[in-house]
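Please read the following walk-through alongside the sequence and the coordinates.

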Amino acid sequence: MAAELAALRLLPGEPVEVIEVMPLGGPVLVQTAGGVYALGRRLAGRIEVRGDP
Amino acid sequence: MSAVACHQPARHGRRAGTTIALAGNPNVGKSTIFNRLTGLEVLTTNYPGATVELNTATVRLDGQVVTLVDLPGLYCLTCTSGDQCAAREALLKWPPDAVVAIVDATNLARNLYLVLQLIDLGFPVVVALNLADAAQRAGIRIDAQQLADLLGVPVVPTVGTRGWGLREVLTEAVRAAGQAPAVRHRYSPTLEREVARLASSLDGQIPLSRRGAALLLLEGALQPAALAAIAPQAGAALAERTASAAARLEAASGEPAAVAVARERHALAERIAAKVTVSRGEFRGRAAWRAAVRPASGVPLLIAVLAAVFATLFWGGGALAGLVDGAWGRLASPPIRALLLALFGEGVAARTLLWGFDAGLNAVLSVGIPYVLTFYILLGILEDTGYLNAVTVLLDRLMRGLGLSGRAALPLVAGAGCNVPAIIGLRVLRTERERLIAGTLITMVPCSARTAVIFGAVAYYLGWPWALALYGVVTAVVLAAGWGLNRIIPCGTPDLLAEIFPFRLPTARTVLRKTWVRVRDFVFVAVPIVLAGSVVLGALYETGLIRLAAWPLAPVVEGWLGLPAVAGLTLLFAVLRKELALQLLVALAVMEYGRGAENLASFMTADQIFTYALVNTIYIPCIATIAVLGRALGRRRAALISLGTVALAVLLGGFAARLLRML
């Protein structure tokens, strides 16, 4: 899955905008330069996001 | 340009004439272009995963034979699910003579990632800049000539749905076939140095360009052992050299080699896209998407959509059924009856044939087609809007409780059309466990044929609340089965990773074309089976053998389920096609009580009609489903699932019959 994430431009250091967080442990919708993606909550939980300073 | 061969499963190895593969990210219009180029009718949708196998066809272009291969969508050449592995294998193991890289002009930079990878691999590439009309509407303008200059390959703007630019694409691909492109793009000096070092150590006999193979090795998308099998002398030394190169790249970039390569390719794609994009658009319809996936608005919307589907089937399908039945009784039945009686006299032969050619055909046309046709029109609209893509996100949490990711919602929903393509579609799922659970549940999802039974029997004779109740029972059974399987089968559920696509307005042409393809298959497969089934049942009936044939079933059918014995006999025929049971039951009623007595309520109570439809919906999938299930999950599992559904249906049917009698 790491290669697929990389192909979708979900790479370390890339800007990510969280569009929607589904309740009850549902997926997270994020926008990257590559497009808009739905990430399962466990997968999203493994991605560390730092806010803009 | 003309199609000279039918849609056929992919053959490995060399194909006729020049082989051109259609590759691209999911949902960029590959199958639409394939259909346009070949005149064939591969089903297309506005969500990823519609193509899970290779579709091939042979066409003639200016007298030259060209084999086109429509690949499943892929973002890169790694193998994470069955459909992606099939696409990768088609490219790497049996390289085509040229690749048409179909890109979404509304998302150029991300799509160029795969294009660059294909060029890196040494394929002669032609870029089809598809969805050019959508890009224009979104305010995006791309300089195709400059893009061609930067990539070093031909670029042709196309609109697949209208056929624009497709002949030019194919002509360019044939011209480029067999000629390795001069790779114009270059990554950072560090990466290029490592690629060159690794490439120089590869044997020249590999079926890929050495530069491309070296990049794949560094990305971890190709195992050295795979190349060693072709070039044994490379062996362990190649693995060692790959590891050393990856380590040097990691040391230089500060991140794993695979990430470094991906980052460089994205950066290059971004630079190229920025140079050729005259004006940029943006992801539209975000508000609509949010409304569709947020539970507060998405669940009511889903219920509204399901209610609209249900209501259209009930009133629209019902009206059509009544219309067809009336027309058959007035216009078709009398001459058929007169002809058969004139030819065969008043004997058993004529009466048996009347079962097939009058009652049987009438049942197909008035019970099967109206509901199936209505359902497929609705499914086509839902597919092409992209709403089903939103459903995968909305239902992800629920699906996890069943041991599935939201991605499995697509084959499950597809199962409502027909279980066969839905089971083939299991290839989009990432794990064997997920495929097993989803495959089991799909066999219980009411397909269009079962929908015809539910609406043709329960809704038509008992009213919509009964049909709704039946759907409720089946939904509860599917959820309970998924919940149970999730607890029984070890290992976890893979995470959802899905691209979100903007909603699109479906075109009447595409929806009607898809409906025609599906209904045509239904008619051509169903009619002969119903005719044959009706004649066999008719022969049993007219010779009096029907009582004898129904006798062994009596303890279960009459004793446990409380159904007439002959109704149980028709259930046996449902293994051929699910709606066949009801059609034969209607035919039985017509022959038993004469025309006008096709009313099931004339010889079955409401409880019996409900129980009959419930058992028919849940028990054993049709023979075509069992066959593909065997291919997808193995014969043993297919047999277990089929027998399990029989046991479940009989058990539930008996309880339902008793409960209904008490109410």
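Predicted model: local features only at pLDDT ≥ 70, side-chain atom pairs only at ≥ 80, totals over all residues.

Residues are numbered from 1 along each chain as its sequence is written, chains are lettered from A and ligands numbered from 1 in the order in which they are written, and side-chain values use heavy atoms, with hydrogens and water left out.

Chain A holds two helices and three strands, where helices (H or I, at least four residues) and strands (E, at least two) are DSSP runs numbered from the N terminus. From the N terminus on, their order is α-β-β-β-α. The radius of gyration of chain A, 11 Å, is close to the 10 Å that the globule rule gives for 53 residues, so the chain is as compact as a globular protein of that length. Here the radius is taken over C-alpha atoms, and the rule is 2.2 Å times the number of residues to the power 0.38. Along the principal axes, the C-alpha atoms of chain A fill a box of roughly 30 × 30 × 20 Å.

Of the 53 residues of chain A, 53% count as buried. Buried means under 20% relative accessible area, exposed over 50%, and partly exposed in between (1.4 Å probe, protein chains only). In chain A, 17% of the contacts between residues at least 6 apart in sequence join residues at least 24 apart, a contact being heavy atoms within 4.5 Å.

Two leucines can be read side by side. Leu24(A) lies in the loop between β1 (17-21) and β2 (28-32) of chain A, and its phi is near 60°, a positive value in a residue other than glycine. Leu131(B) also has a positive phi near 60°; Leu131(B) lies in the loop between β7 (125-130) and α4 (132-137) of chain B. Are these residues buried or exposed? Leu24(A) is exposed, with a relative accessible area of 76%, whereas Leu131(B) counts as buried at 15% relative accessibility.

Ala327(B) sits in helix α13 (residues 295-344) of chain B and is partly exposed, with a relative accessible area of 25%. Between Ala327(B) and Asp143(B) there are 184 residues in sequence separation and 58 Å in space, C-alpha to C-alpha.
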